[in-house]
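Trainee: I'd like a close look at a single part of this model, one chain on its own terms. Please take me through it slowly, from the overall build down to the details.

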Amino acid sequence: MQWLDIIVQGALVGGLYALFATGLSLIFGVMRLVNLAHGDLIVLAAFLSLACVQHLGFSPALSLAIVVPGMALLGYAMQRVMLNRTLGGDILPPLLVTFGLSIVIQNTLLEAFSADSRKLHFGGIETASIRLLPGVSIGWYPLIVLLAAVVVIGGLQLALYRTRLGAAMRATSDDPVTVRLMGVDNRHLFALAMAASLSVCAIAGVLMAGWTNFDPLSGPERLLYAFEAVIIGGLGSLWGTLAGGMILGIAQSVGGAFDPGWQILAGHLAFLVVLSATPRGLFPRMAD
Amino acid sequence: MSTFVATAGRPARARQAARAFALTAIAALLLGLPWWGTAWLGRAVEIAYMLSLAMLWNLLAGFAGVVSIGQQAFVGLGGYALFALVILAGVPPLAALPLAGVVAAVVALPVALLLFRLRGPHLAIGSWVVAEVFRLVAAQISALGGGSGQSLPVAAVRGIARSRSAREAITYFIALALAALCLALVWGLLRARQGLGLTAMRDSEAAAASLGVNVRRLKLTVFVAVAGATGLLGALIFLQTLRISPDAAFSVTDWTANVIFIVVIGGIGTLEGPFAGTAVFFLFRGLFAGFGGWYMIALGALAILVMLLAPAGLCGAVSHRFGVTLFPMRRRLGTAPAAAPGLPTASPN
């Protein structure tokens with residue numbers, strides 16, 4: 001029963017990792033951009049929520065009403081002003097600009113909020129749990145996060161496969177030049193995709209803030225988890241990303257059961273094992 | 001044709017003599033530094049290894065097109081290899097230093113084989129994961145101090161040199177030698193046949209491959225060579241500080257972020273870039289280090305602006321404007337009068 005519990009808890013963490021990863025996956029799918037500031041943007045959203053709670057007296061859940069549109073606007077502006085200029089054949093400019101952005105966000109947060117470790121309080125729901133079997137219980141909070149991940153991924157799938165905008169995004173992913181000939185303004189389209197990505201970051205950041213401690217320098221770790229979930233799950237498949245997040249969570253949970261020092265290491269090693277076994281991940285949909 | 005005229009207008013021999021004189025003067029100045037006083041030696045060592053790391057990262061990312069954000073893996077590995085050889089195997093520190101470079105190069109081969117399964121931008125984050133794995137493993141080795149790290153034993157430190165000033169001078173000469181080695185590696189490689197392959201590969205992998213460049217092997221060679229040299233520098237860095245810990249050894253800010261900023265600001269894909277970038281970096285740090293995080297914010301913002309507005313960096317802007325380069329390696333049309341008209345000889349100039 002103990003091992004079953006460890007695996008169930010790990011799979012539940014996978015919901016949070018899938019939320020980390022969805023935005024990264026979407027951006028790469030639409031414009032082949034790897035956003036190295038992704039983890040820091042998640043942490044930025046967590047701090048924005050903290051500021052809403054501290055200064056406006058909002059509850060963390062209500063802060064989503066400000067943080068999600070705020071991050072979406074930031075994403076749109078960031079793409080239009082900065083990132084669209086870096087796209088092209090060369091992989092260097094987008095990587096280096098987003099890496100610079102990552103350092104700027106980390107240090108701005110450090111100046112604004114100090115290096116202290118923070119956590120948001122959702123008012124008791126974090127500790128409530130349901131008992132499934134003797135020795136195996138599921139926390140309400142992890143369950144809500146997993147549900148949020150399923151809703152976000154399902155919603156994005158619907159948007160990508162059932163709407164005109166989604167069709168334009170998929171078409172841009174396949175062939176950006178031809179799409180422009182069809183009259184699609186890809187600068188605007190990319191900015192909308194980045195806005196969607198940062199909205200998911202906002203949800204992920206606020207939910208993360210109620211689950212684990214975070215500090216201004218904890219962004220890169222989130223980026224690595226997100227990236228590992230994407231690669232384990234296979235490029236271009238959002239449901240695969242959810243599975244990848246769960247595999248990562250289970251690996252960490254099993255590693256942590258042996259020795260707390262092995263928790264994060266076990267996750268990284270699971271990623272490297274998948275990479276050496278099948279470089280395209282477990283459920284790939286995209287060639288690149 | 002303007003470069004042709006400018007080159008021909010000044011006698012080549014006079015130019016070579018001027019260059020030789022300047023090089024001798026710089027070398028004499030650098031070699032004589034320990035006799036001027038030891039106050040600046042620590043800083044000089046730091047400048048030398050940051051410059052070397054920048055040259056190596058520039059070779060890797062700017063020329064070979066392998067954008068790694070995990071070079072701290074090899075800095076830390078070199079440092080830890082040095083400490084392990086000294087503490088666990090009793091090797092004298094100065095003998096352990098080259099061995100640490102060998103260890104880094106040997107480990108780099110399987111790492112490269114694994115990472116090269118990831119394409120372009122994904123390799124960047126993959127290399128970061130590898131560096132994190134190294135950091136977490138180092139924190140688990142209790143014989144080397146675990147998470148809190150360890151100092152180099154006093155006996156081993158005494159073994160380097162009797163007095164502190166003599167040890168600092170030795171460290172300085174090693175740093176100088178390693179910087180020269182890195183410059184020789186980068187410049188030598190770029191002027192060689194492989195260098196042409198490298199730049200061709202950077203511009204278009206498919207085209208280079210179709211012209212007979214073995215892209216994969218060339219990238220692998222550069223990655224391993226750069227990792228070995230980075231490991232040597234890591235060993236030097238922690239020979240200077242005499243203390244190592246996982247967080248210091250595998251710091252992404254110190255050994256990769258700062259290095260990337262140096263290269264980007266100076267000019268990525270140019271040989272002079274790391275020199276200009278290092279100068280800007282230490283000037284900037286000297287002026288603004290007291291402002292804490294604001295200094296990193298300014299540095300990051302500057303790198304973003306350079307990448308957006310002048311992607312060739314400081315040196316690219318200067319050489320484009322004035323046609324001056326410090327380390328010429330561009331192949332120009334030959335100026336030799338013997339060349340048959342219509343058949344210009346390409347020679348590295």
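Mentor: Let's go through chain A, starting with its overall build.

A quick note on the bookkeeping: residues count from 1 along each chain as its sequence is written, while chains are lettered from A and ligands numbered from 1 in the order in which they are written. This is a predicted model, so local features need pLDDT of at least 70, side-chain atom pairs count only at pLDDT 80 or more, and totals for chains, interfaces and linings use all residues.

Chain A has 11 helices and 2 strands; these are DSSP runs numbered from the N terminus, H or I with at least four residues for helices, E with at least two for strands. Starting at the N terminus, the order is α-α-α-α-β-β-α-α-α-α-α-α-α. The radius of gyration is 19 Å, close to the 19 Å that the globule rule gives for 288 residues, so chain A is as compact as a globular protein of that length (taken over C-alpha atoms; the rule is 2.2 Å times the number of residues to the power 0.38). Its C-alpha trace spans about 60 × 50 × 35 Å along the principal axes.

Of the 288 residues in chain A, 52% are buried. Here buried means 20 or more other C-beta atoms within 10 Å of a residue's own, exposed means 12 or fewer, and partly exposed is in between, with C-beta atoms placed from the backbone.

Now to helix α6 (residues 164-174) of chain A. Its buried residues are A:Ala168, A:Met169, A:Thr172 and A:Ser173.

The strands are another story. None of the 5 residues of β1 (residues 129-133) of chain A is buried, so to speak a count of 0. β1(A) runs antiparallel to β2 (residues 136-139), joined by 4 bridges; pairing takes at least two DSSP bridges. A:Arg131 has A:Ser137 as its bridge partner, and A:Leu133 stands opposite A:Val136. The hairpin has 2 residues between the strands, and A:Gly135 takes a positive phi near 90° there.

Last comes the partner. The contact takes 35 residues from chain A and 35 residues from chain B, where contact means C-beta atoms, placed from the backbone, within 7 Å. On chain A's side, two or more residues come from each of α4 (92-113), α9 (219-233) and α11 (263-277), and α4(A) has the largest share, 14 residues. That side divides into 25 nonpolar, 6 polar and 4 charged residues; Ala, Val, Leu, Ile, Met, Phe, Trp, Tyr, Cys and Pro count as nonpolar, Asp, Glu, Lys and Arg as charged, and the others, Gly among them, as polar.

Conventions. Two residues are in contact if their C-beta atoms, placed from the backbone, lie within 7 Å.
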